[in-house]
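These are my notes from a first look through the structure, kept in the order in which I looked things up.

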Amino acid sequence: MSITLSINGKDRSVDVPADTPLLWAIRDEIGLKGTKFGCGVGICGACTVHVDGTAVRSCSVGVGDVGEGKVTTIEGLGEGTDHKVQAAWIAEQVPQCGYCQPGMIMAVAAMLATTPKPTDADIDEQITNICRCGTYPRIRRAIHRAAATSSSTGAS
């Protein structure tokens, strides 16, 4: 069945069953490889994207459930420039292996859109993505750096 998804501001048709995970439509059908497969059950967060600005685990959402929602992947986050979270990630040298970072960045961008000045407790509560390399101290510094940035760029 053909389903039209709005991804990074463009309508894209995919010919997949409605229960196909959004992750596989993004990666395999559309060819955007920034969104990563991690656990496949919505726990690790490597596959995090935004649907209408809300962070979702794309391995656990069927394409048919997206409906008219606007999907933003890591490729569309900065709209041609680094998003303030991406810039903070670079400044704080957050990634070690980097595999989880696209999902982590997407989760943080969505959090900052609703919680622009997060406390450490906010971060602990809202950012549940897993980093196998354990770069959490750098992640926390980058989140606070991004929050301090006066950029108007928020979650997409």
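Before turning to a helix pair, I noted that axes are lines fitted to C-alpha atoms, for helices over the stretch in contact, with angles running from 0 to 180 degrees between N-to-C directions. I also kept in mind that this is a predicted model.

Entry one, the helix pair. I looked up helix α4 (residues 84-91) against helix α5 (residues 101-114), and found that they pack at an angle of about 125° with their axes 9 Å apart. The two helices are therefore oblique to each other, and α4 passes α5 in a right-handed crossing. I then listed the residues that meet: Lys84, Val85, Gln86 and Trp89 from α4, against Gln101, Met104, Ile105, Val108, Ala109 and Leu112 from α5. Sorted by kind, the residues of this contact are seven nonpolar, two polar and one charged.

Entry two, the surroundings of α4. I found Lys84, Val85, Gln86, Ala88 and Trp89 buried in α4, and what covers the buried residues of this helix includes α3 (74-77), α5 and α7 (136-148). After α4 I came to Gln93, which has a positive phi, near 50°.

How many disulfides does the count come to? It comes to zero, taking a disulfide as a pair of cysteine sulfur atoms within 2.5 Å. The closest cysteine sulfur to that of Cys97 belongs to Cys133 and lies 3.6 Å away, which is too far for a bond, and Cys133 is accordingly in no disulfide. I noted that Cys97 is exposed, at a relative accessible area of 56%, whereas Cys133 is partly exposed, at 28%.

Notes. Residues are numbered from 1 along each chain as its sequence is written. This is a predicted model: local features need pLDDT of at least 70, side-chain atom pairs count only at pLDDT 80 or more; totals for chains, interfaces and linings use all residues. Side-chain values use heavy atoms; hydrogens and water are left out. Helices (H or I, at least four residues) and strands (E, at least two) are DSSP runs, numbered from the N terminus. Angles under 35 degrees count as roughly parallel, over 145 as roughly antiparallel, 65 to 115 as roughly perpendicular and the rest as oblique. A crossing is left-handed if the near helix is turned anticlockwise from the far one by less than a right angle, and right-handed if clockwise. Contact means heavy atoms within 4.5 Å. Ala, Val, Leu, Ile, Met, Phe, Trp, Tyr, Cys and Pro count as nonpolar, Asp, Glu, Lys and Arg as charged, and the others, Gly among them, as polar. Buried means under 20% relative accessible area, exposed over 50%, partly exposed in between (1.4 Å probe, protein chains only).
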